[in-house]
Amino acid sequence: MEKDNLYLPIYLNQRIVFDLLAILEDGFSQMKKVSTSEQIDKSTAMSVEGEIGFNNIFAFLQTKINPSANHNTSKGSSHDESEDRIHTPNSLFSKLYQILDENKKIKVIEGEYDSNSLIEGEFIEIEGKLLKNPLISLLDSFKALMELAIAFDDTNEGKKNSNKKNKVNNTITKQMNFLSNHLKNGDMFDLICRVKQSNLNVVLPVYIEYFNNKNMNEIIDGNYRVLGKITNIIKSKEDEGINLLRNTSLSLMKESLLKQVMTSLTELSDFNIDSSNVNTVIGYPALQIIPIAIFR
(Lines give C-alpha, C1' and ligand atoms only; values in the text may rest on other atoms or scores of the structure.)
Protein backbone atom coordinates (compact mmCIF):
# COMPACT_ATOMS: atom_id res chain seq x y z
CA MET A 1 0.00 0.00 0.00
CA GLU A 2 1.18 3.50 -0.80
CA LYS A 3 2.24 5.47 2.25
CA ASP A 4 1.73 8.94 0.78
CA ASN A 5 -1.92 9.16 1.90
CA LEU A 6 -1.88 8.90 5.68
CA TYR A 7 -5.43 9.94 6.52
CA LEU A 8 -6.61 10.77 10.03
CA PRO A 9 -10.33 9.99 10.44
CA ILE A 10 -12.16 11.98 13.10
CA TYR A 11 -15.36 10.06 12.35
CA LEU A 12 -15.30 6.51 11.02
CA ASN A 13 -18.23 4.16 10.47
CA GLN A 14 -16.22 1.02 11.11
CA ARG A 15 -19.03 -1.38 10.26
CA ILE A 16 -19.33 -0.03 6.72
CA VAL A 17 -15.54 -0.06 6.21
CA PHE A 18 -15.29 -3.65 7.44
CA ASP A 19 -18.23 -4.87 5.34
CA LEU A 20 -17.01 -3.21 2.13
CA LEU A 21 -13.48 -4.58 2.50
CA ALA A 22 -14.81 -8.06 3.23
CA ILE A 23 -16.87 -7.87 0.01
CA LEU A 24 -14.00 -6.52 -2.10
CA GLU A 25 -11.43 -9.01 -0.80
CA ASP A 26 -13.73 -12.02 -0.37
CA GLY A 27 -13.18 -12.03 3.38
CA PHE A 28 -10.00 -11.43 5.39
CA SER A 29 -6.89 -13.54 5.72
CA GLN A 30 -5.74 -12.98 9.28
CA MET A 31 -2.66 -15.23 9.63
CA LYS A 32 0.46 -15.15 7.51
CA LYS A 33 3.16 -17.84 7.81
CA VAL A 34 6.69 -17.54 6.46
CA SER A 35 9.37 -20.26 6.25
CA THR A 36 13.02 -19.43 5.51
CA SER A 37 16.40 -21.20 5.52
CA GLU A 38 19.52 -19.46 6.75
CA GLN A 39 23.28 -20.07 6.95
CA ILE A 40 24.49 -18.75 10.28
CA ASP A 41 27.47 -19.39 12.59
CA LYS A 42 25.75 -18.38 15.76
CA SER A 43 22.43 -16.75 16.33
CA THR A 44 20.15 -15.74 19.12
CA ALA A 45 16.51 -15.60 18.20
CA MET A 46 14.33 -13.71 20.61
CA SER A 47 10.63 -13.05 20.25
CA VAL A 48 8.91 -10.89 22.81
CA GLU A 49 5.36 -9.99 22.07
CA GLY A 50 2.33 -9.09 24.06
CA GLU A 51 -1.32 -8.85 23.21
CA ILE A 52 -2.64 -6.21 20.86
CA GLY A 53 -6.34 -5.43 20.87
CA PHE A 54 -8.74 -2.61 20.18
CA ASN A 55 -11.76 -1.52 22.13
CA ASN A 56 -14.13 -1.51 19.16
CA ILE A 57 -15.79 -3.88 16.72
CA PHE A 58 -12.42 -5.01 15.39
CA ALA A 59 -11.39 -6.43 18.77
CA PHE A 60 -10.93 -9.90 17.25
CA LEU A 61 -8.12 -8.64 15.01
CA GLN A 62 -5.38 -9.19 17.53
CA THR A 63 -2.32 -11.35 18.22
CA LYS A 64 -0.92 -13.23 21.23
CA ILE A 65 2.65 -14.49 21.31
CA ASN A 66 4.54 -15.67 24.37
CA PRO A 67 8.12 -14.51 24.97
CA SER A 68 10.72 -17.11 23.97
CA ALA A 69 14.46 -17.36 23.20
CA ASN A 70 16.24 -19.85 20.90
CA HIS A 71 20.04 -20.21 20.61
CA ASN A 72 21.46 -21.84 17.48
CA THR A 73 25.17 -22.66 17.22
CA SER A 74 25.22 -24.94 14.18
CA LYS A 75 25.83 -23.88 10.63
CA GLY A 76 22.92 -24.21 8.27
CA SER A 77 19.76 -23.85 10.28
CA SER A 78 16.15 -23.72 9.32
CA HIS A 79 14.12 -20.80 10.59
CA ASP A 80 10.32 -20.87 10.68
CA GLU A 81 8.40 -17.71 11.35
CA SER A 82 4.73 -16.91 11.71
CA GLU A 83 3.16 -13.53 12.12
CA ASP A 84 -0.21 -11.93 12.59
CA ARG A 85 -0.79 -8.83 10.49
CA ILE A 86 -2.70 -6.36 12.61
CA HIS A 87 -4.97 -3.69 11.17
CA THR A 88 -6.52 -0.82 13.04
CA PRO A 89 -9.83 0.70 11.90
CA ASN A 90 -7.93 3.67 10.44
CA SER A 91 -5.56 1.47 8.43
CA LEU A 92 -8.52 -0.50 7.08
CA PHE A 93 -10.13 2.77 6.00
CA SER A 94 -6.94 3.82 4.18
CA LYS A 95 -6.93 0.47 2.42
CA LEU A 96 -10.58 0.82 1.40
CA TYR A 97 -10.01 4.37 0.17
CA GLN A 98 -7.05 3.27 -1.94
CA ILE A 99 -9.05 0.45 -3.58
CA LEU A 100 -11.98 2.75 -4.38
CA ASP A 101 -9.67 5.49 -5.66
CA GLU A 102 -7.61 3.15 -7.87
CA ASN A 103 -10.81 1.77 -9.40
CA LYS A 104 -12.17 5.31 -9.95
CA LYS A 105 -15.23 4.65 -7.81
CA ILE A 106 -15.13 7.99 -5.96
CA LYS A 107 -16.69 11.10 -7.50
CA VAL A 108 -15.09 14.25 -6.10
CA ILE A 109 -17.10 17.49 -5.96
CA GLU A 110 -14.96 20.59 -6.36
CA GLY A 111 -16.09 24.06 -7.34
CA GLU A 112 -19.26 24.28 -9.45
CA TYR A 113 -21.89 21.70 -8.62
CA ASP A 114 -23.91 19.86 -11.29
CA SER A 115 -26.69 17.74 -9.77
CA ASN A 116 -27.30 15.97 -13.10
CA SER A 117 -23.81 14.45 -12.96
CA LEU A 118 -24.58 12.56 -9.74
CA ILE A 119 -26.41 9.29 -9.16
CA GLU A 120 -27.88 8.03 -5.91
CA GLY A 121 -25.74 5.19 -4.56
CA GLU A 122 -22.44 6.59 -5.85
CA PHE A 123 -19.41 7.05 -3.62
CA ILE A 124 -18.71 10.74 -3.25
CA GLU A 125 -16.00 12.87 -1.64
CA ILE A 126 -16.54 16.45 -0.55
CA GLU A 127 -14.58 19.01 1.42
CA GLY A 128 -16.02 21.82 3.46
CA LYS A 129 -16.99 23.37 6.77
CA LEU A 130 -18.95 21.21 9.20
CA LEU A 131 -21.80 22.59 11.28
CA LYS A 132 -24.29 21.12 13.72
CA ASN A 133 -27.95 20.87 12.86
CA PRO A 134 -28.76 24.61 13.31
CA LEU A 135 -31.76 23.95 15.54
CA ILE A 136 -29.77 21.67 17.87
CA SER A 137 -26.94 24.20 17.90
CA LEU A 138 -29.34 26.99 18.88
CA LEU A 139 -30.91 24.91 21.65
CA ASP A 140 -27.52 23.85 23.03
CA SER A 141 -26.33 27.46 23.13
CA PHE A 142 -29.55 28.64 24.71
CA LYS A 143 -29.48 25.88 27.36
CA ALA A 144 -25.87 26.73 28.27
CA LEU A 145 -26.76 30.41 28.76
CA MET A 146 -29.82 29.56 30.85
CA GLU A 147 -27.88 27.19 33.09
CA LEU A 148 -25.14 29.78 33.49
CA ALA A 149 -27.67 32.44 34.51
CA ILE A 150 -29.30 30.11 37.05
CA ALA A 151 -25.91 29.13 38.50
CA PHE A 152 -24.78 32.74 38.99
CA ASP A 153 -28.12 33.75 40.43
CA ASP A 154 -28.15 30.85 42.91
CA THR A 155 -27.05 32.92 45.91
CA ASN A 156 -28.91 33.93 49.09
CA GLU A 157 -29.38 37.44 47.78
CA GLY A 158 -30.39 36.14 44.38
CA LYS A 159 -32.92 33.75 45.88
CA LYS A 160 -34.60 36.56 47.83
CA ASN A 161 -34.83 38.89 44.87
CA SER A 162 -35.42 36.57 41.93
CA ASN A 163 -37.14 33.35 42.98
CA LYS A 164 -39.86 33.95 40.42
CA LYS A 165 -37.31 34.61 37.71
CA ASN A 166 -35.41 31.42 38.55
CA LYS A 167 -38.60 29.39 38.32
CA VAL A 168 -39.20 30.79 34.84
CA ASN A 169 -35.62 30.04 33.81
CA ASN A 170 -35.86 26.48 35.15
CA THR A 171 -39.09 25.94 33.23
CA ILE A 172 -37.54 27.23 30.01
CA THR A 173 -34.48 25.01 30.53
CA LYS A 174 -36.69 21.94 30.93
CA GLN A 175 -38.54 22.86 27.74
CA MET A 176 -35.24 23.26 25.89
CA ASN A 177 -34.07 19.87 27.14
CA PHE A 178 -37.33 18.33 25.96
CA LEU A 179 -36.94 19.77 22.46
CA SER A 180 -33.25 18.89 22.25
CA ASN A 181 -33.84 15.26 23.29
CA HIS A 182 -36.60 14.86 20.73
CA LEU A 183 -34.37 16.27 17.97
CA LYS A 184 -31.97 13.37 18.42
CA ASN A 185 -32.91 9.89 17.35
CA GLY A 186 -30.97 7.92 19.92
CA ASP A 187 -27.33 8.84 19.29
CA MET A 188 -27.96 9.84 15.66
CA PHE A 189 -28.20 13.44 14.47
CA ASP A 190 -27.39 15.57 11.42
CA LEU A 191 -24.29 17.54 10.55
CA ILE A 192 -24.33 20.05 7.70
CA CYS A 193 -21.33 20.37 5.38
CA ARG A 194 -21.00 23.61 3.42
CA VAL A 195 -18.94 22.46 0.48
CA LYS A 196 -15.81 24.47 -0.21
CA GLN A 197 -16.06 26.99 -3.08
CA SER A 198 -19.66 25.99 -3.72
CA ASN A 199 -23.20 26.86 -2.64
CA LEU A 200 -23.93 23.18 -2.03
CA ASN A 201 -25.09 21.99 1.39
CA VAL A 202 -24.73 18.32 2.30
CA VAL A 203 -26.67 16.65 5.12
CA LEU A 204 -24.67 14.00 7.01
CA PRO A 205 -26.56 11.70 9.42
CA VAL A 206 -23.90 10.68 11.95
CA TYR A 207 -23.72 8.47 15.03
CA ILE A 208 -21.92 9.71 18.13
CA GLU A 209 -20.34 6.28 18.75
CA TYR A 210 -18.19 6.58 15.61
CA PHE A 211 -16.48 9.83 16.65
CA ASN A 212 -13.10 9.74 18.34
CA ASN A 213 -13.76 9.42 22.06
CA LYS A 214 -17.48 9.80 21.22
CA ASN A 215 -16.92 13.55 21.07
CA MET A 216 -17.79 15.58 17.97
CA ASN A 217 -16.88 19.06 19.25
CA GLU A 218 -13.41 19.05 17.69
CA ILE A 219 -14.76 18.97 14.13
CA ILE A 220 -17.32 21.75 14.41
CA ASP A 221 -16.45 24.82 12.30
CA GLY A 222 -13.43 22.98 10.87
CA ASN A 223 -12.75 22.11 7.22
CA TYR A 224 -12.73 18.38 6.62
CA ARG A 225 -13.05 15.86 3.83
CA VAL A 226 -15.99 13.48 3.82
CA LEU A 227 -16.32 10.14 2.03
CA GLY A 228 -19.81 8.69 1.74
CA LYS A 229 -22.61 7.28 -0.38
CA ILE A 230 -25.32 9.45 -1.91
CA THR A 231 -28.86 8.72 -0.69
CA ASN A 232 -30.79 11.82 -1.79
CA ILE A 233 -30.25 14.51 -4.44
CA ILE A 234 -32.21 17.77 -4.44
CA LYS A 235 -32.00 18.67 -8.14
CA SER A 236 -34.17 21.80 -8.37
CA LYS A 237 -35.91 24.47 -6.29
CA GLU A 238 -39.20 22.68 -6.92
CA ASP A 239 -37.99 19.51 -5.21
CA GLU A 240 -38.87 18.96 -1.58
CA GLY A 241 -35.84 19.75 0.57
CA ILE A 242 -34.17 17.57 3.19
CA ASN A 243 -36.11 17.81 6.46
CA LEU A 244 -33.74 17.93 9.43
CA LEU A 245 -36.58 16.65 11.63
CA ARG A 246 -37.25 13.59 9.44
CA ASN A 247 -35.78 11.04 11.87
CA THR A 248 -37.10 12.64 15.05
CA SER A 249 -40.34 12.51 17.00
CA LEU A 250 -40.97 16.10 15.80
CA SER A 251 -41.03 15.11 12.12
CA LEU A 252 -44.75 15.89 11.76
CA MET A 253 -44.39 19.38 13.24
CA LYS A 254 -44.54 22.11 10.62
CA GLU A 255 -41.57 24.49 10.42
CA SER A 256 -43.82 27.51 11.07
CA LEU A 257 -45.17 25.96 14.29
CA LEU A 258 -41.69 25.07 15.50
CA LYS A 259 -40.52 28.64 14.87
CA GLN A 260 -43.45 29.95 16.91
CA VAL A 261 -42.42 27.68 19.81
CA MET A 262 -38.80 28.82 19.58
CA THR A 263 -39.79 32.48 19.37
CA SER A 264 -42.01 32.14 22.44
CA LEU A 265 -39.20 30.56 24.45
CA THR A 266 -36.63 33.18 23.48
CA GLU A 267 -39.03 36.03 24.29
CA LEU A 268 -39.53 34.63 27.80
CA SER A 269 -35.81 34.85 28.52
CA ASP A 270 -33.54 37.86 28.96
CA PHE A 271 -31.15 36.69 26.25
CA ASN A 272 -31.24 38.40 22.90
CA ILE A 273 -31.12 35.25 20.75
CA ASP A 274 -32.59 35.42 17.26
CA SER A 275 -34.25 32.15 16.25
CA SER A 276 -36.07 33.51 13.21
CA ASN A 277 -33.38 32.42 10.74
CA VAL A 278 -33.16 28.81 11.91
CA ASN A 279 -34.36 26.53 9.10
CA THR A 280 -35.34 22.91 9.53
CA VAL A 281 -35.33 22.16 5.79
CA ILE A 282 -32.21 22.18 3.57
CA GLY A 283 -33.30 23.14 0.06
CA TYR A 284 -31.67 23.21 -3.37
CA PRO A 285 -28.80 22.78 -3.98
CA ALA A 286 -28.43 19.95 -1.48
CA LEU A 287 -27.41 16.33 -1.04
CA GLN A 288 -27.85 13.73 1.65
CA ILE A 289 -25.13 11.13 2.04
CA ILE A 290 -24.30 8.29 4.40
CA PRO A 291 -20.87 9.32 5.74
CA ILE A 292 -18.28 6.56 5.88
CA ALA A 293 -15.50 8.79 7.17
CA ILE A 294 -14.78 12.39 8.07
CA PHE A 295 -11.04 12.90 7.85
CA ARG A 296 -8.03 15.07 7.05
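Biologist: Where is the place of glutamine 288?

Modeller: Before the answer, please keep in mind that this is a predicted model. Glutamine 288 sits in strand 15, which covers residues 286-295.

Biologist: Is glutamine 288 buried or exposed, and which residues does glutamine 288 touch?

Modeller: Glutamine 288 has a relative accessible area of 14%, and because the cut-off for a buried residue is under 20%, glutamine 288 counts as buried. Leaving aside residues up to four places away in sequence, glutamine 288 touches Val203, Pro205, Lys229, Ile230, Thr231, Asn232, Ile242 and Arg246.

Biologist: Where does asparagine 13 lie, and which residues does asparagine 13 touch?

Modeller: Asparagine 13 belongs to the loop between strand 1 (9-12) and helix 1, and with a relative accessible area of 8% asparagine 13 is buried. Again not counting residues up to four places away in sequence, the partners of asparagine 13 are Tyr210, Pro291 and Ile292.

Biologist: How many helices and strands does the protein have, and what percentage of its residues count as buried?

Modeller: There are five helices and 15 strands in the protein, and of its 296 residues 37% count as buried. Among contacts with a separation of 6 or more, 78% are made by residues 24 or more positions apart. The protein exposes about 17,800 Å², of which carbon and sulfur atoms supply 47%.

Biologist: How many salt bridges does a search of the whole structure find?

Modeller: The general idea is that side chains of opposite charge can pair when their charged atoms come close. In this structure the search finds six salt bridges. One of them joins the side chains of glutamate 25 and lysine 95, with an N to O distance of 3.2 Å. This pair links distant parts of the chain, 70 residues apart, since glutamate 25 lies in the loop between helix 1 (14-24) and strand 2 (31-38), whereas lysine 95 lies in helix 2 (residues 89-102).

Biologist: Which residue meets lysine 107 in a salt bridge?

Modeller: The partner of lysine 107 is glutamate 122, and their side chains meet at 3.2 Å, N to O. The two are 15 residues apart and link distant parts of the chain, with lysine 107 in strand 8 and glutamate 122 in the loop between strand 8 (106-108) and strand 9. Lysine 107 is partly exposed, its relative accessible area being 28%.

Biologist: What is the N to O distance in the salt bridge of arginine 225 and glutamate 125?

Modeller: The side chains of arginine 225 and glutamate 125 meet at 2.7 Å, N to O. Here too the pair links distant parts of the chain, 100 residues apart, with arginine 225 in strand 12 (residues 223-234) and glutamate 125 in strand 9. Arginine 225 is buried, with a relative accessible area of 19%, and glutamate 125 counts as buried at 6% relative accessibility.

Biologist: How many cavities of 30 Å³ or more does a search of the whole structure find?

Modeller: As a general idea, rolling a probe the size of a water molecule over the atoms shows where empty space is left. In this case the search finds two cavities of 30 Å³ or more, and about 70 Å³ of space lies in the largest cavity.

Biologist: Which residues lie nearest the centre of the largest cavity?

Modeller: Eleven residues line the largest cavity, and Leu183, Phe189, Asp190, Leu244 and Thr248 are those nearest its centre. Strand 10 (residues 188-195) gives the largest share of this lining, three residues. Sorted by class, the lining of the largest cavity has five nonpolar, four polar and two charged residues.

Biologist: What is the volume of the second largest pocket, and which elements each supply at least two residues of its lining?

Modeller: The second largest pocket has a volume of about 270 Å³. Its lining is made by 15 residues, and Leu131, Pro134, Ile192, Arg194 and Ile282 lie nearest its centre. At least two lining residues each come from strand 9 (123-132), helix 3 (134-152), strand 10 and strand 14 (281-282). By class, the lining of the second largest pocket has eight nonpolar, five polar and two charged residues.

Key. Residues numbered from 1 in each chain as written. Predicted model: local features only at pLDDT ≥ 70, side-chain atom pairs only at ≥ 80, totals over all residues. Heavy atoms only, no water. 1 Å grid on protein atoms, 1.4 Å probe; cavity = no way out; pocket = protein on both sides within 12 Å on 5 of 7 lines; lining within 4 Å. Points joined across faces, edges and corners; volume = space filled by probe spheres on them. Helix = DSSP H or I, 4+ residues; strand = E, 2+ residues; numbered from the N terminus. Nonpolar A, V, L, I, M, F, W, Y, C, P; charged D, E, K, R; others polar. Buried < 20%, exposed > 50% of the residue type's maximum accessible area, 1.4 Å probe, protein only. Contact = heavy atoms within 4.5 Å. Areas by Shrake-Rupley, 256 points an atom, 1.4 Å probe, with all protein chains shown as cover. Salt bridge = Lys/Arg side-chain N within 4 Å of Asp/Glu carboxyl O.
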